[in-house]
Amino acid sequence: MPVKDKLKEGRFSVSEQIAIDYIVDHVMELRSMTIKEIAQMTYVSSSTLIRIAHKLGYEGWTDLKNDLIKEEEIRLRNYKGLDVNYPFSKEDTLYSIASKLLALKQDAVAETFDLIDPVVLHHVVRLLDGASRIVVFGMSHNRDLAREFAFNMRRIGFLVQIVDQPGELVYEAADMDPGMAAVVISYSGYTKGVSEILPYLQRNRVPIVAITNQGESLLSRVADYSLRISSREKLDAKIASFGTSAAIEYVLAVLFAGIFLLRYEHNVEHMKRIQERIVPCRQMKIRFAKEKKE
C-alpha cells in the first residue's frame with residue numbers, strides 16, 4: 001500500500017491527524033523543510049512527527065519523509081489518471097479496458113524500474129547465483145508468478161523450490177541453511193506466513209531477499225535485500241492485482257536475466273544443445289501421429 005494511503009487510513013490522535021493532513025497535501029514541499037519547520041506549520045511538536053513515523057514502522061521522521069517524496073516523484077512521472085484499484089467501469093468497452101490495462105501495467109513496470117537500486121540488484125543476483133538452493137516463499141497469486149522464474153532457472157541448472165502451502169512454510173524455513181537463499185514475495189510484508197517463517201530464516205542465518213512494497217514492514221526490516229515494487233494498489237479495495245502482478249513478474253524476470261548474464265555464452269550453448277535434442281523427438285512424434293492417422 002502507498003505510504004500516503006497508510007497515512008490516510010491509519011489510526012492517529014487528533015494532533016497527529018492535523019500534521020498528516022498537511023503532509024499529504026504538501027509532499028513535494030517537505031523536501032526543503034526541516035522537521036522543526038513542519039512542526040511549526042502544523043502547530044504540533046517534532047516528537048509528534050516522529051511518533052507518526054514510528055506508527056508506520058519507520059525508525060525516524062527522515063525515513064518516512066524520503067519515502068513519501070520518492071513515491072510522489074514516481075507518481076507524478078508515470079501517473080496517467082488511472083485508478084489502479086478500479087481501472088475500468090461498467091461504461092467501458094472491452095477495447096477501452098484493454099487500453100487501460102496496458103497503460104496500468106506499463107506504469108507499474110516503469111515505477112518498479114525507477115525503484116531499482118543497481119547496487120542492491122547486483123548483490124541479489126550474485127547471492128542467488130551462489131546459493132546451493134533457492135526457496136521462493138509466495139502465497140496465492142505470487143506462487144503462480146514465481147513458477148515462470150523457477151522454470152527458467154531450472155533450464156540453466158539452478159535448483160529452485162516454490163513453497164506456498166501454509167503447512168509447509170515453517171517446515172521449509174526451519175530446514176534451510178546459510179548456503180541457501182530465501183526469496184520472500186509479499187506486497188504488504190506483514191502476512192501471517194511471512195511473520196511465521198522470518199524467525200526460522202533468521203535463526204538459521206539464511207540470506208533473505210524481499211520483493212515487497214515501498215514502505216517499511218516486518219519483511220523489509222528483516223530482509224538482507226529488498227527489491228521494491230510499484231505500491232499504488234490497496235490491499236482490500238481493488239478489482240484485481242493488475243499492477244502488482246506485472247511488477248513482481250518484471251522483478252523476477254530481471255533476476256533471471258541477471259543470473260543468465262553471468263555465464264551468458266555457456267547458458268546460450270546449453271539451451272541450444274537441449275533444443276537440438278528436443279527437436280528430433282518432436283519431429284518423431286509428429287511423424288508417428290501422421291502414420292497413426294493413415
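F242 is buried, its relative accessible area being 18% (buried denotes under 20% relative accessible area, exposed over 50% and partly exposed in between, with a 1.4 Å probe and protein chains only). The coordinates are those of a predicted model, in which local features require pLDDT of at least 70 and side-chain atom pairs count only at pLDDT 80 or more, whereas totals for chains, interfaces and linings use all residues. Residues are numbered from 1 along each chain as its sequence is written, and side-chain values use heavy atoms, with hydrogens and water left out.

The protein chain contains 13 helices and 5 strands, taken as DSSP runs numbered from the N terminus (helices, H or I, of at least four residues; strands, E, of at least two). Its C-alpha trace spans about 85 × 55 × 35 Å along the principal axes, and buried residues account for 46% of the 294 residues. Of the contacts (heavy atoms within 4.5 Å) between residues at least 6 apart in sequence, 71% join residues at least 24 apart.

Rings of Phe, Tyr and Trp (its six-membered ring) were paired when their centres lie within 6.5 Å, planes under 30 degrees apart being stacked, over 60 edge-to-face and the rest tilted; the count under this rule is 3 aromatic pairs. The ring centres of F88 and F242 are 6.5 Å apart and their planes stand at 55°, so this pair is tilted. Because F88 belongs to the loop between α5 (61–78) and α6 (94–114), while F242 belongs to helix α12 (residues 242–262), the pair ties together parts that are 154 residues apart in sequence. In contrast to buried F242, F88 is partly exposed, at 24% relative accessibility. Ring pairs also link F256, F260 and Y264 into a cluster.

The loop between α5 and α6 also holds N85, which is buried at a relative accessible area of 6%. With neighbours within four places in sequence left aside, N85 is in contact with R232, E233, K234, A237, K238 and I239. K238 in turn lies over the face of Y187, at 5.7 Å from the ring centre, where a charge sits over a ring if NZ of Lys or CZ of Arg is within 6 Å of the ring centre and within 35 degrees of the ring normal.

Helix α12 packs against helix α8 (residues 141–155) at an angle of about 20°, with the two axes 10 Å apart. This makes α8 roughly parallel to α12 (under 35 degrees; over 145 is roughly antiparallel, 65 to 115 roughly perpendicular and the rest oblique). The α8 residues H141, N142, L145, A146, F149, N152 and M153 meet S245, I248, E249, L252, L255, F256 and I259 of α12. The axes of α12 and helix α7 (residues 118–130), by comparison, come within 9 Å and cross at roughly 70°, which makes α7 roughly perpendicular to α12. Here L121, V124, V125, R126, L128 and D129 of α7 meet V254, L255, G258, I259 and L262 of α12.

In helix α13 (residues 264–293) lies N267, a residue that counts as buried at 5% relative accessibility. When residues up to four places away in sequence are not counted, N267 touches I156, I259 and F260. Of these, I259 is also one of the α12 residues that meet α8 and one of those that meet α7, while F260 is part of the ring cluster with F256 and Y264.

Key: Axes fitted to C-alpha atoms, helices over the stretch in contact; angles between N-to-C directions.
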